[in-house]
Amino acid sequence: MSQDTTQNEITRLGLDAEGSFHSYSQEEQKGLVDHLNQALAGDQSLAPGKHEHAHIPISPDGDDLFEAVRDGLVLGHFVNMFTETPRVRFLHDKPKLSVW
């Protein structure tokens, strides 16, 4: 996907098969990043060192948001915050299995 930023800081992501595109403003991105960082700050399973890349905190600049949510862990933990019993189960919460 190609990205371009116009003068009013709207980022446009490339065209899809139907010829439409998706866009977001830097202000929207910063607001979402701030909210996720605050909501998930205490979740140690997303802390640096737990996975190949740190999920939380997310930098509001650049593509860090997209890297952090790519594997679904951040969004899954965010969804689980609002339920009494976890709705999203994670493989990383289980012990690693031996090949033997």
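In what order do the elements of the protein chain run from the N terminus on? They follow the pattern β-β-β-α-α-α, and the secondary structure comes to 3 helices and 3 strands, where helices (H or I, at least four residues) and strands (E, at least two) are DSSP runs numbered from the N terminus. The model is a predicted one, in which local features need pLDDT of at least 70 and side-chain atom pairs count only at pLDDT 80 or more, while totals for chains, interfaces and linings use all residues. Residues are numbered from 1 along each chain as its sequence is written, and side-chain values use heavy atoms, with hydrogens and water left out.

Turning to the chain as a whole, 26% of its 100 residues count as buried, a class that means under 20% relative accessible area, as against exposed at over 50% and partly exposed in between, with a 1.4 Å probe and protein chains only. The protein chain exposes about 7,600 Å², of which carbon and sulfur atoms supply 54%; accessible areas come from the Shrake-Rupley method with a 1.4 Å probe, and for residues only the protein chains shown count as cover. Among the contacts with a separation of 6 or more, 28% are accounted for by residues 24 or more positions apart, a contact being heavy atoms within 4.5 Å.

Helix H3, which spans residues 73-80, is mostly covered, since 6 of its 8 residues are buried. The buried positions in H3 are Leu73, Val74, Gly76, His77, Phe78 and Asn80, and the buried residues of this helix pack against H1 and helix H2 (64-69).

Side chains of opposite charge can pair when their charged atoms come close. A salt bridge is taken here as a side-chain nitrogen of Lys or Arg within 4 Å of a carboxyl oxygen of Asp or Glu, and by this rule the count comes to 2 salt bridges. In one of them the side chains of Lys30 and Asp34 meet at 2.7 Å, N to O; both residues lie in helix H1 (residues 26-39), 4 residues apart, which is about one turn of the helix. Lys30 is partly exposed, with a relative accessible area of 44%, and Asp34 counts as partly exposed at 29%.

Arg70 forms a salt bridge with Glu67, with the closest N and O atoms 2.5 Å apart. Here Arg70 is exposed, at a relative accessible area of 61%, whereas Glu67 is partly exposed, at 35%.
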